[in-house]
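Reader: I am new to this structure and would like a close look at a single part of it. Please take me through that part slowly, and then set it in its surroundings.

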Amino acid sequence: MHEKQALGGRLLTKPFWVLLGLAMIAGLLLIKRFLFGIGAVTNLSDGYPWGIWIVYDVLVGTALGCGGYSIALLVYIFNKGEYHPLVRSALMTSAFGYTLAGVSIFIDIGRYWQMYNVFLPWHINLNSIMFEVAACIGAYVFVLWIEFSPTFLEHRKSLETKKKLSKVLFLFIALGVLLPTMHQSSLGSLMIIAGEKLSPMWQTGWLPLLFLMTAITMGYAVVIFESLFSAVALKRPLDETPILGKLSVMMIPLLVLFLLLRFGDLMWRGQLGNIFNDGMLGAFFIVENVLFLIPIIMLASAKNRMKPTILFWSAGSMILAGALYRFDTFLVAFNPGVGYHYFPSASEILITVGIISIEIMAYLIFVKKLPVLPAIKHS
Amino acid sequence: MNLERRDFLKVLSAGALTAGNVTSVFAGIRKTLSADAVGILYDGTICIGCKACEAACKQYNGMPPESANLEKATGVDGIWDESYDLSEKTLNKIKLYEHGDASTHNSVENGFAFVKKACMHCVDPDCVSACPVTALVKDDATGIVEYDKDACIGCRYCMVACPYNVPKFEYAEAIPEIVKCELCNHRQAEGDIPACCEFCPTGASLFGKVTDLLEEAHKRIKLVAGSTYEYPMRSLDEGDVSPKTVAPYINYIYGEKEGGGTQYLLLSAIPFTKLGLPELSATSSASKSEGIQHGIYKGMIAPIALLGGLLYGAYQTTKNSEG
């Protein structure tokens, strides 16, 4: 058991007020959305029925929330106990990411008051990838908060309950690995049915595996990025660098496999040439893959992996790569036909910004009030 | 409490099983037309672009006219309909093909022609496969793709899935619905035929059993251009015909094979790609996505095996600690 402690300190700092302001703007815009419909605040159309609320908040948001999944996989399934200090903060970020993805879905879907139909046996459609995604994400939000609950129990000194919970926690840990494996791959499968509307450079039967691999890799990248970022922002020592350096190795084989599968599949389908023929799309494809390549190169040497700056930028590149891959698959390379265009409206962006602000505020409240981060060793 | 090597392998093999199944994919044509399936044969060569079908569709489906621009120009509201394409207020739409001086009907060069857009009522509809809550259902007998607003959650995955962009969403409503052509099933329930066919003055929109319509379409594409043919009016069963000069048909029935086939079929003298119809493979995208999904989740064997491995692993690593 590693010592954790609440950071303490003042909550209502200046950045916190800014975040609160952004969240309130989003709140006002949301009132408009619920009174006058989705069209009143978004640029969505019949050709582009999904915009940044789905692609950023749900697809990228849950992939960024894969830290808890990726670390749990290492610590509990592959028994790499040395990464245990990272578990708690990773689970917390995951719980936020997934909960807010759930909130975004609620905002985005048109007939939200019937959302529970996804869980009613006489309504569900087992052929629908969307059903799998919705049911799995719904269940995983619940599992994440159970996994994170020991932190609350510790805070409230309910040690008896915590002890009882720890006896069955393995059930939730197992589900906490199974469910993301299922829905992160299915999030990729979602686009298979878009068929010819998705560019052949992205449209492949391997979408589920490609999405799963990048989700796990993004999970590691987020843990590294967040740990280093919060250390600097919250003025904590960079104690975790060695363990983060070790963790960063995990990304390399996954990324190499990803690129091999991706290019192998393109070659197999004879689509490799499109990269240079397809103008804008080709450029997006190249940028995406360069971003995937950067962490492989930067983290190849053991010496580099001990440098916080290198770790930070390679994790950042990985996050951008995974995010861009998702944006490309769902928006940039998605072409419903002549006459349709999409770029998010200001209101749409502000609502997403508000949701991100809430996430950061929740992070600040949690690390300051609850025992999440490793205790600082005083000499 | 180190995991044994074979336990690792157990976990890994479950994962590999999951991944391996990805390759067992691509079901072929898996759904066939029901014997009683009904549909529409739209023959663009005899369409005169009068839009009587649009007006009738709006009248019998309670759809308001769309007239934003004309309204602005004239200050008069609710008289003219000038919808640009299918929308949440427009279930069928006549579109014009125009080239050069547009002097000759049914000619690619310097010609003009019409095409009618509407729900294709696919034999293996992607929208039905996509819907998580079974709000879109294909009727077993008629094959009509119907919508149930009480099931729909408004996720709009049907719109992503449809290769023709047919399902439309009421973006301007606080209580929105998905809107699409349901082949006037409310009229058919009373023994009538879809309004667009009933009010078509030339027989360009023809209602009937899909098998009969396909037979009729095959007959037409074999006709000699310039000869006279007695085109059936409104419904194949009605027996009313109107003689017309045959145009030079493209030797292709759009909808016979597209995405596994459709119950709305089109004929034309202009290549279909020039009319804005997508080029699709002969199997539905749903057959691919379901093939992969059901491959991975076959009998839930892979997920259950994986869960078993995960439970074992998680139990071993946590039994002596307190989380």
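Reader: Is B:Arg156 buried or exposed, and where is the place of B:Arg156 in chain B?

Author: B:Arg156 is buried, because 27 other C-beta atoms lie within 10 Å (a residue is buried if 20 or more other C-beta atoms lie within 10 Å of its own, exposed if 12 or fewer, and partly exposed in between, with C-beta atoms placed from the backbone). This is a predicted model, in which local features need pLDDT of at least 70 and side-chain atom pairs count only at pLDDT 80 or more, while totals for chains, interfaces and linings use all residues. Residues are numbered from 1 along each chain as its sequence is written, and chains are lettered from A and ligands numbered from 1 in the order in which they are written.

B:Arg156 sits in the loop that runs between strand S6 (145–147) and helix H5 (157–161) of chain B (helices, H or I with at least four residues, and strands, E with at least two, are DSSP runs numbered from the N terminus). Its phi is near 70°, a positive value in a residue other than glycine. Most residues other than glycine have a negative phi.

A positive phi also occurs at A:Asn79, where the value is near 55°. A:Asn79 lies in the loop between H3 and helix H4 (84–108) of chain A, and it counts as partly exposed because it has 16 C-beta neighbours inside 10 Å.

As for the surroundings, the largest nonpolar core has 199 residues, of which A:Ala221, A:Ile224 and B:Cys158 touch the most other members (such a core is a set of buried Ala, Val, Leu, Ile, Met, Phe, Trp, Tyr and Cys residues joined through C-beta atoms within 7 Å). Helix H7 (residues 207–233) of chain A gives the most to this core, namely 16 residues. Leaving aside residues up to four places away in sequence, A:Ile224 touches A:Leu244, A:Leu247, A:Ser248, A:Leu311 and A:Ala315 (two residues are in contact if their C-beta atoms, placed from the backbone, lie within 7 Å).

Between the chains, the contact takes 57 residues from chain A and 56 residues from chain B. On the side of chain A that touches chain B, the largest share, 12 residues, comes from H6(A).

Chain B itself is divided into domain 1 (5–28 + 287–318) and domain 2 (38–282), with bounds that come from an automatic or database domain assignment. The C-alpha centres of these two domains of chain B lie 44 Å apart.
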